[in-house]
Amino acid sequence: MTLRLPRATVALVCLGVVWLGFGLLIERVWTFGNLASVASQLTVLALLAAGQMAALTVRGFDISVGATAALASTAAALGANAFGPVGFLAGPLAGLLVGALNGFLVARLKVQPIIATLGTLIGCRGLATLISDNGQVVVLTDPSAVTWLAYGRWLGFAPSVWLVLLVVLVLAVAIHGTVAGRRLVMVGSNPGAAALVGIDVAAVEAGAYRICGLFAGLAGLVMVTRAGAGLPADAGGLELQSIAAAVIGGTSLSGGVAPVIGTLLGAGFIQSLLSGLNLAGVSPFSAEIAVGAVIIAAAFVATAPALISRIRSGSTNQRTVP
Amino acid sequence: MTARLRRLPASLVVAAALFTLFALVVPRFGTPGNLENLARVAAILAIASCGQALVLVIGAIEFSFGSAVALASVVAVLVLPEAGPVAAFAAAFLTVVAISSLNGALVGYAALPPVVVTLGTLMVAHGAAATLAGGLPIDAAPSDVFRWPATGRIAGISVPVWLAAASLLVLAFLLSRSVLGRRLFLAGANPEAARLSGVRLARTRLAAYVLAGAFCGLAAIILTSRVGSGQPNLMPNLPFLTIAACAVGGIPLSGGRGTALEVLAGVAVVAMLNNATILLNYPPAVQLLLTAGVIVGAVLVQSDAVRRVFAGGRAR
C-alpha cells in the first residue's frame, strides 16, 4: 500500500542533505581531511548506536550505553596499565558483563528495560568512580601504542575507523545471515509467534542486551584510543544520540527491524550535523538544540508510515511505546 | 492480614522498614533537624514525581523534566530584574508547562513515541537554557520574596513540604475521584477500549502531559528559589529520580495503574536512601551503587516473577 523504500533511505537522504548544505555554506567541508576527521569522531557513536539497535530490535531499550562505555574505558585503561596490551580486553569484557546483567534483569526477571538500564546506568557511573580514584581520568602509561589507532592513517582513514566498520559489518552479516540473527528479528517482531515455533524468547532478548553491552564496551575501548586515557565521567548524553541514530536509521521502537547499515548512516548523520555546526561556528549549546529537534523530526519520520495508514483507514487506534 | 491492609502498596512497607532501619543504624538520622531537612529535599522530588506518575499512568514517560527545570530557572532569573519575583516564578512555571504541553501535543496528536519526543525536548531545552545563560549560572538578586518558596514557613512547617502535601492530595483526587483520572487509567490500560468507549485519546494524553508540566513547574519554582540563580545544569537527573521513585513505589511503566500513596512511598525510599548515604559519609561511588541497587531491587521485589516465588508458585 505504502511505497517501499529501503529503511536506510531516510538516513542516507539526511546525510546527503547535511554534507551538501554545509559544503555549500562553509569552505573546507568538502575535503578528504574533514571526511576522515568526521569518520574518526563517529567511531564511538557508531558502536553505541549499533548496540542500541540490537536492544531496540527486541522491543527493549538501553539507556546505560553511555555509562557502560565510560566504565569500559576506565576498566580498559586500568587493565592495560596493569597487564600490558592484553589488559585492554577488560573494556569489552566489562561491557559484556553489564550487557549480561541488563539482559538478565530484563529477559529473566522481567524488569522494565528503562528501570533495569537506569539502574545499571547509575551503577556503572558508581563503579567507574570507585575504580578510578573518584572519577579522575586514568591516563595510560604508554598511550602511543593505541593513540595511533585513532590518529594514524591507513588507506586514508584512521585505523579505528576501519576496525569499527569491520565490527559493524560483522554485526550486519550476523543479523541478516545467521539463524541467531533471524531469531533476534523474529522475537522483536512477534514474541508470541517466536515462542510458538520453539524459540527461547528470553534467551534471545538476553542475547540482544549482551550485544548492546559488548558494543558499548568496544565504544569504551575506542574512547581510550582517542583520549589516551580511561574516562569514567565521559560519554554522558551519548545514550540519547545512540537512540536517535538508530531511529533515524530505520529501527522501529516497537521492535522487529534491525537495519545495521541504516543505523550506521544515522550515526553518521548526527555526527556530521554536530561537526558541521561546529565548523560553522555555532556554539555547542545551540548545536544541542539542533540535535534535539532532529531527534523529534526523526520520530516523525519513523512513525510516518503508521500515521499515513491510520489516516487512510480512518482509525485513530494508537499505541504509545514507552 | 485484613483486606484493607493488603490493599496498601508493598512499597509503603518497604519505606517504613527502611525508615526504622535508618533510624536505628544511621547516626543523627532520626533527629528532628535531619527529618526536616529530609522532608524539604524530598518535597521537590515528590512534587515532580506527581507529574511523572500522571504520565506513567497513560503508559507514556517524561524525560524533559531534567532540563525543563533548568530552562525555567534561567528564564526566571532573566525575567526577575524587569518584572519582579512573582512574574519570574510565573515565567518559570509557564516555561515548564509549555515544554510539557509540546510533548503532550506530539505524543497525543502526532502519536510519536514518548521516549523519543521527551528525550528530544530534553536536549532542546538544555541547549536553550545553556544558550540563554551563556553556559554559566547567572545569579539572581537576592530578595525575601524570591527565597520564600524554598525557605519560607507556614505554621512552623516549611513551604516546600506544604506544597508537596498539596500536590500529593491533588494527585490523589485526580487519580481516584475525577473523571479525567478514570480516562487516564483507561487510556493507559487499553487505548483501543478507551477509544471505543468514547475517550478522546489524543486530548487525554495532552491533558496528562500538561498537568505533569504543572506539577514539575511548581517543583521548578522551589528549585529556582533554593539555588537563587539560573542554572543551565540544574538537577539533570530529575527525570531519572522521578521515574525511579514512581517505579520503586510500585507504579508500572506499562501504564494503567498508579496511586498517590505509591508516589509518596517511592519518593520516601529514594529520598531516605540519599539522605542516609550522605549522613554515613559514604563516598559518591558507593552512594551511586546503593541507589542503583535499591531502584532495581525495589522494583524486583514487587515484580510478578518474585511474588510468584513467595506465593509458592501460585499463578496470580
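**Close-up 1. B:Arg153, a partly exposed partner.** At 43% relative accessibility, B:Arg153 counts as partly exposed. Keep in mind that this is a predicted model. The side chain of B:Arg153 meets that of B:Glu36 in a salt bridge, 2.5 Å from N to O.

**Close-up 2. B:Glu36 and B:Arg40 in helix 3 of chain B.** Here we stay inside one helix, which covers residues 32–57. The side chains of B:Glu36 and B:Arg40 join in a salt bridge, 3.7 Å from N to O. Why can these two meet? They sit four residues apart in the helix, so about one helical turn separates them. In an α-helix there are 3.6 residues a turn, so residues three or four places apart point the same way. How open is each side of the pair? B:Glu36 is partly exposed, at a relative accessible area of 29%, and B:Arg40 is partly exposed too, at 31%.

**Close-up 3. B:Arg195 and B:Glu192 in helix 9 of chain B.** How many salt bridges does the whole structure hold? A search over all chains finds three, and this view shows one of them, with the closest N and O atoms of B:Arg195 and B:Glu192 2.8 Å apart. The two residues lie three residues apart in helix 9 (residues 191–196), so they too are separated by about one helical turn. B:Arg195 is partly exposed, with a relative accessible area of 25%. For B:Glu192, also partly exposed, the figure is 27%.

**Close-up 4. Helix 11 of chain A, buried or exposed?** Eleven of the eleven residues in this helix (residues 238–248) are buried, so the rest of the structure largely encloses it. The buried residues include A:Leu238, A:Leu240, A:Ile243, A:Val247 and A:Ile248. Among them you will also find A:Glu239, A:Gln241 and A:Ser242. What follows the helix? Look for A:Gly250, which has a positive phi, near 110°.

Technical notes. Residues numbered from 1 in each chain as written. Chains lettered and ligands numbered in written order. Predicted model: local features only at pLDDT ≥ 70, side-chain atom pairs only at ≥ 80, totals over all residues. Heavy atoms only, no water. Salt bridge = Lys/Arg side-chain N within 4 Å of Asp/Glu carboxyl O. Buried < 20%, exposed > 50% of the residue type's maximum accessible area, 1.4 Å probe, protein only.
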